[in-house]
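Dear colleague,

Please find below the structure that I promised to pass on to you.

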Amino acid sequence: MNIPRLPSSVTLVAVTKTFPADAIIEAFALGVRYFGENYVEEFEKKYANIPQEIKDNATFHMIGHVQSRKAGDVVRLFHWVDSVDSVKLARKLSDAAVRQGRSLSILLEVNVAGEATKFGFDPQTLQQSVDEIIKLPNLRVEGLMVMPPQVENPEENREVFKNAKQLLDELSSRLAGRHLSMGTSQDYRVAIEEGSTMVRLGEAIFGPRQLPK
Ligand SMILES: *Cc1c(COP(=O)(O)O)cnc(C)c1O
């Protein structure tokens with residue numbers, strides 16, 4: 001059963017990794033307010049070239065793997081971390097947020113398909129991790145994030161998206177939000193049909209990236 005989705009129920013996060021600050025400036029002018037970046041150093045350089053008006057009105061999401069030692073930089077530069085993949089990282093982010101007097105929204109990245117090469121919580125032990133993370137100060141756990149396998153046909157990931165939605169529904173009473181970040185350029189249509197509230201689109205908006213990833 002596919003329930004029709006209202007456009008306002010899905011947030012577009014424009015993924016600007018490898019693209020210059022101008023990509024953010026142009027997209028902002030067209031109405032985009034949410035941006036995703038994967039690499040702290042890359043974004044830090046770009047940030048210097050982003051006008052203050054955009055910094056004041058846009059929301060920046062970290063969507064790539066974060067090393068714990070970068071927690072301070074991440075809290076300084078980003079409003080959300082969508083890729084929290086361990087209790088240890090959550091603790092470091094919480095500590096940094098307390099030190100900086102900021103509050104940070106986070107999503108817990110879940111390795112729904114159980115891929116050995118992927119970061120993310122194991123769905124089996126997610127509950128326990130949530131118990132620990134929701135107690136940490138200055139963090140708001142807004143929901144879950146999923147990065148499914150690379151596939152030829154997006155239909156192959158429908159099951160992964162369904163499972164992610166089910167996990168969210170099981171946990172949602174304990175979380176601060178009900179967000180489910182899933183869907184990239186290759187599979188966002190299927191992800192939205194299965195309950196995504198946040199899609200992360202790069203190439204569908206900005207065209208092919210020169211560098212891999
Ligand atoms: C690069 C990236 C995206 C965007 O991928 P596109 O194929 O350009 O839409 C989304 N999510 C994550 C975690 C990414 O690293």
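**Overall fold and ligand site**

The chain has 9 helices and 8 strands, where helices (H or I, at least four residues) and strands (E, at least two) are DSSP runs numbered from the N terminus. Please keep in mind that this is a predicted model, in which local features need pLDDT of at least 70 and side-chain atom pairs count only at pLDDT 80 or more, while totals for chains, interfaces and linings use all residues. Residues are numbered from 1 along each chain as its sequence is written, and side-chain values use heavy atoms, with hydrogens and water left out.

Of the 213 residues in the chain, 51% are buried, meaning under 20% relative accessible area with a 1.4 Å probe and protein chains only. The C-alpha atoms fill a box of roughly 45 × 40 × 30 Å along the principal axes.

Polar contacts here are pairs of N or O atoms within 3.5 Å. A polar side-chain atom of S185 lies 2.5 Å from a ligand oxygen atom, and a polar backbone atom of G202 is 2.9 Å from an oxygen atom of the ligand. A polar side-chain atom of R200, for its part, lies 2.9 Å from a ligand nitrogen atom. The protein covers 88% of the 390 Å² of accessible area that the ligand has on its own, as computed by the Shrake-Rupley method with a 1.4 Å probe.

Methods: Polar contact = N/O pair within 3.5 Å; in protein donor to acceptor, adjacent residues only side chain to side chain. Buried < 20%, exposed > 50% of the residue type's maximum accessible area, 1.4 Å probe, protein only.
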